[in-house]
Amino acid sequence: MARTTIGIVLNGVTGRMGYRQHLVRSLLAIRDQGGLPLRDGTRLWPELILVGRNEAKLREIAERHGLTEWTTDLAAALARPDVQIYFDAQVTAQREKAIRLAIEAGKHIYTEKPTAEDLAGAVELARLADAAGIKHGVVQDKLFLPGLRKLDRLVKGGFFGRILSIRGEFGYWVFEGDWQPAQRPSWNYRSADGGGIVVDMFPHWHYVLEQIFGRVTAVTAHVSTHIPQRWDENGEPYEATADDAAYGIFELSGGVIAQINSSWTVRVYRDELVEFQVDGTEGSAVAGLRNCRVQHRSTTPKPVWNPDLPATEDFRSQWQVVPDNDEFDNGFKAQWELFLRHVVEDEPYTWDLWAGARGVQLAELGLRSAREGRRIEIPELDA
Ligand SMILES: NC(=O)c1ccc[n+]([C@@H]2O[C@H](COP(=O)([O-])OP(=O)(O)OC[C@H]3O[C@@H](n4cnc5c(N)ncnc54)[C@H](O)[C@@H]3O)[C@@H](O)[C@H]2O)c1
């Protein structure tokens with residue numbers, strides 16, 4: 001079958017997200033399936049150029065996967081005329097300047113979130129990208145997960161009636177790194193290196209709330225650094241300067257209230273690492289990464305508060321499983337495919353650098369809310 005190639009520079013492929021989700025589970029998976037089928041019957045074949053700081057690591061990854069192109073020279077990679085897309089999964093603090101270079105080089109941009117360390121930087125990237133006339137996209141992977149796709153389907157199908165509230169619980173215990181190694185990179189726990197759970201997770205909550213439920217109009221947040229000392233990848237102790245838990249209230253257009261706890265200092269007694277309960281006048285749902293359960297008003301039990309008696313009902317058994325009714329591919333891959341179609345076929349694409357900037361805005365205003373101890377309204381961003 002005829003195929004067209006598209007050159008993609010991948011920066012940050014030695015990292016957790018860059019390697020596993022973007023290289024292996026998305027782009028190599030697209031190559032494994034013979035390329036991305038296009039409308040005209042041809043296939044789009046990603047040609048990958050790995051970029052990073054450590055040549056030996058890049059070579060090892062390239063050889064492991066039969067790739068032939070890698071370099072530590074980002075500018076040289078961006079200067080190549082056969083490169084159309086720049087992708088960034090570096091640590092957050094390195095992102096903005098690399099994306100600026102790629103925009104200057106006239107490449108389309110696809111990037112991990114958060115798009116920049118502060119709102120001014122994120123907005124500037126979106127403006128520069130628009131002015132350069134390039135296409136741009138930001139990873140919003142949670143939207144492509146089966147649990148949230150089913151939740152979105154319930155909202156669009158009118159299941160909830162009037163939606164009243166959303167309660168989200170995200171988190172798990174991240175080991176301190178002394179007697180058991182930490183399962184997340186240490187930069188996440190240092191503010192100066194772009195760490196912090198607000199900066200990491202509020203951009204995710206922003207697109208989940210905005211895309212499924214409505215515009216986020218105000219935020220009230222409390223943040224904590226519950227664990228002040230951790231141990232890094234070399235076993236050295238360091239001061240954890242970034243927030244490791246955030247307790248947020250998000251007001252949405254239409255009066256919906258979302259409360260989301262985000263924490264790396266909780267132990268999991270849930271079915272999934274993140275779960276959202278949505279309550280509406282007609283029914284409720286609990287959605288995680290993969291699963292979604294519902295309870296309609298017609299099957300809602302009538303519990304009566306009586307602490308003198310043991311619980312008389314098995315509440316969890318009173319919910320119904322929402323069927324998949326679809327095949328769900330890896331969420332990162334699904335979004336990569338949409339972005340590639342946006343670039344080569346001009347398919348519409350809403351998850352752009354402006355959406356990314358709104359996520360950074362929520363993180364920035366969430367942190368300000370916590371610092372100043374007050375509720376903060378969220379202004380609309382001007383293009
Ligand atoms: N979409 C998601 O669900 C999701 C999940 C986790 C992380 N992320 C985002 O992905 C990005 C990478 O996170 P990760 O967990 O893969 O991090 P990681 O530490 O595993 O990887 C970071 C990558 O950046 C590179 N890098 C470049 N300059 C660096 C520097 N000065 N110091 C350290 N590393 C440097 C590293 O070599 C590595 O390839 C972050 O921006 C993070 O916010 C997104």
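**Figure 1. Helix H4 and the glycine that comes after it in the predicted model.** Helix H4 is followed by Gly-106, a residue whose phi is positive, near 80°. The model shown here and in the other views is predicted. Within H4, which spans residues 92–104, the buried residues are Thr-92, Arg-95, Ala-98, Ile-99, Ala-102 and Ile-103. An α-helix has 3.6 residues a turn, so residues three or four places apart point the same way. The cover over the buried residues of H4 includes strand E1 (3–11), helix H3 (74–78), strands E5 and E6, and helix H5 (119–132).

**Figure 2. The largest nonpolar core and the surroundings of Leu-23.** The largest nonpolar core contains 80 residues, and those with the most contacts inside it are Ile-8, Leu-10, Leu-23, Phe-202 and Phe-250. Helix H7 supplies the largest share of this core, nine residues. Both domain 1 (3–141 + 331–351) and domain 2 (143–328 + 360–372) contribute at least three residues each to this core. Leaving aside residues up to four places away in sequence, Leu-23 touches Leu-10, Val-13, Gly-18, Leu-28, Ala-29, Leu-48, Leu-50, Ile-61, His-65 and Leu-67. A second, separate core has 26 residues, among them Ile-49, Tyr-86, Ala-98 and Ile-109.

**Figure 3. The aromatic pair of Phe-87 and Tyr-110.** A pair of aromatic rings is described by the distance of the centres and the angle of the planes. The model holds 14 aromatic pairs. In the pair formed by Phe-87 and Tyr-110, the rings are tilted, with 5.7 Å from centre to centre and 35° between the planes. Phe-87 belongs to strand E5 (residues 83–88) and Tyr-110 to strand E6 (residues 108–111), so this pair ties together parts that are 23 residues apart in sequence. Phe-87 and Tyr-110 are both buried.

**Figure 4. Two arginine residues placed over tryptophan rings.** Arg-3 lies over the face of Trp-45, at 4.1 Å from the ring centre. Arg-267 is placed over the face of Trp-173, at 3.8 Å from the ring centre.

**Figure 5. Asp-178 in its loop.** Asp-178 is found in the loop that runs between strand E8 (163–171) and helix H7 (197–212). Asp-178 has a relative accessible area of 42% and is therefore partly exposed. Although Asp-178 and Asp-232 are 54 residues apart in sequence, their C-alpha atoms are 8.4 Å apart in space.

Definitions and conventions. Residues are numbered from 1 along each chain as its sequence is written. This is a predicted model: local features need pLDDT of at least 70, side-chain atom pairs count only at pLDDT 80 or more; totals for chains, interfaces and linings use all residues. Side-chain values use heavy atoms; hydrogens and water are left out. Helices (H or I, at least four residues) and strands (E, at least two) are DSSP runs, numbered from the N terminus. Buried means under 20% relative accessible area, exposed over 50%, partly exposed in between (1.4 Å probe, protein chains only). A nonpolar core is a set of buried Ala, Val, Leu, Ile, Met, Phe, Trp, Tyr and Cys residues joined through side-chain atoms within 4.5 Å. Domain bounds come from an automatic or database domain assignment. Contact means heavy atoms within 4.5 Å. Rings of Phe, Tyr and Trp (its six-membered ring) pair if their centres lie within 6.5 Å; planes under 30 degrees apart count as stacked, over 60 as edge-to-face and the rest as tilted. A charge sits over a ring if NZ of Lys or CZ of Arg is within 6 Å of the ring centre and within 35 degrees of the ring normal.
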